[in-house]
Amino acid sequence: MEIIDNLYLVPGVVANTYVLVDEDGLTLIDAGLPGSQKKILAYLASLGKTEKDVKRIVLTHSDLDHVGGLAPLAAATGARTYASQIEADAIAAGKASREANPPGFSLRRMLFILLAPFFKAKPFQVDEILAEGQTLPALGGLRVVETPGHTPGHISLFAPAGGVLFCGDSMVANENGLRSSRPGVTWDKAQAGESVRKQADLGARIVCSGHGPVVVDAAGKFPL
Ligand SMILES: [Zn+2]
C-alpha cells in the first residue's frame, strides 16, 4: 500500500513493516513476526524490486513481532541491519529487551504465558548500532530519535523532508489517532510519556506506527 511517494506499508504483516524507496535501494523498517519474510519479499516483487534492492533493515525494538523475520530477511537480501545498543543486545540474545506482562487474569494473559516459550526469534547480530541524532540515507534523511518507554532501547525514525515519523510501538494507531504504549507491554510508563511528548514536538504530518493504520494530519492526534 502506497502511503506517499517512495513510502509503502507491506499489507498483511504483523507488526507493520514499512518500505522506503531511495535511489540507492530500499530501507525496511521492522521485520514482522517469524515467517513474515515471505510476504515482505513477495510485496517487494510486486513493486518491481528484488531482494538485492534492500540495502538497510532498521529495527525499532526487539519485540518478536518486529524482529521475527529479521534473520531470514538479512540472509536473503544481504542488507545492513540497524538497532539501538540495548535492543541489539536483546536481538543477539534472541529475546525481548524487557519482560512483557499483560495485566489482569484473562484468557489473553493465560495464552501469553503458555505460548511465550514457543515464539522466539532466532538470535541475530545486527551490523550497526544507532543512537540519538544519527541520520540514515533514506527518505531524504532519516533521523534516529530515542524513544524509551515501550522498551528500554526503543527508537523512532523521523524524516523531516516529508514530515514522516516511524514511531514503532512507542505509540499505537487506531482510527481516532494515536494511543500510548499499552500498560502490560510497557517497560517504563513515565519514560513512555516523555517519549510521546518528544515526538509530538517534531512536527510530523504522517505517523507510521508498528500497529494500526497510518495516521495523517498527525498534529493534535498524539496521546499527550
Ligand atoms: Zn513492541
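Which protein donors hold the zinc ion?

## The zinc site

The protein donors of the zinc ion are H61 (NE2), D63 (OD), H150 (NE2) and D169 (OD), at 2.1 to 2.2 Å from it. Donors here are N, O and S atoms within 2.8 Å of the metal (3.2 Å for Na, K and Ca), and sites may look incomplete because water is not among the atoms. This is a predicted model, in which local features need pLDDT of at least 70 and side-chain atom pairs count only at pLDDT 80 or more, while totals for chains, interfaces and linings use all residues. Residues are numbered from 1 along each chain as its sequence is written, and side-chain values use heavy atoms, leaving out hydrogens and water.

Along the chain, the donors follow the spacing H-x1-D-x86-H-x18-D. D63 sits in the loop between β5 (54-58) and α2 (64-67), and H150 in the loop between β9 (142-146) and β10 (155-159), so the pair ties together parts that are 87 residues apart in sequence. Helices (H or I, at least four residues) and strands (E, at least two) are DSSP runs, numbered from the N terminus. Both D63 and H150 are buried, where buried means under 20% relative accessible area, exposed over 50%, and partly exposed in between (1.4 Å probe, protein chains only).

## A look at Y82

Now to strand β6 (residues 80-84), where Y82 is found. Y82 is buried, with a relative accessible area of 7%. Leaving aside neighbours within four places in sequence, Y82 is in contact (heavy atoms within 4.5 Å) with residues including I57, L59, V126 and L136. Y82 and L59 are 23 residues apart in sequence, and their C-alpha atoms are 6.1 Å apart in space.

## One face of helix α4

In helix α4 (residues 85-93), the buried residues are E87, A88, A90 and I91. Seen down the axis of α4, these residues fall within an arc of 160°, so they line one face of the helix; the arc is that of the directions from the helix axis to the C-beta atoms. They pack against α2, α3 (70-77), β6 and β7 (128-130). Just after α4, G94 takes a positive phi of about 70°.

## The six-stranded sheet

Six strands form an open sheet in the order β8-β9-β10-β11-β14-β15, with mixed pairing. Its edge strands, β8 (135-136) and β15 (215-216), each pair on one side only. Two strands pair if DSSP finds at least two bridges between them.

Within this sheet, β11 (residues 164-168) and β14 (residues 206-209) pair in the parallel sense over four bridges. The bridge partner of L165 in β14 is V207.
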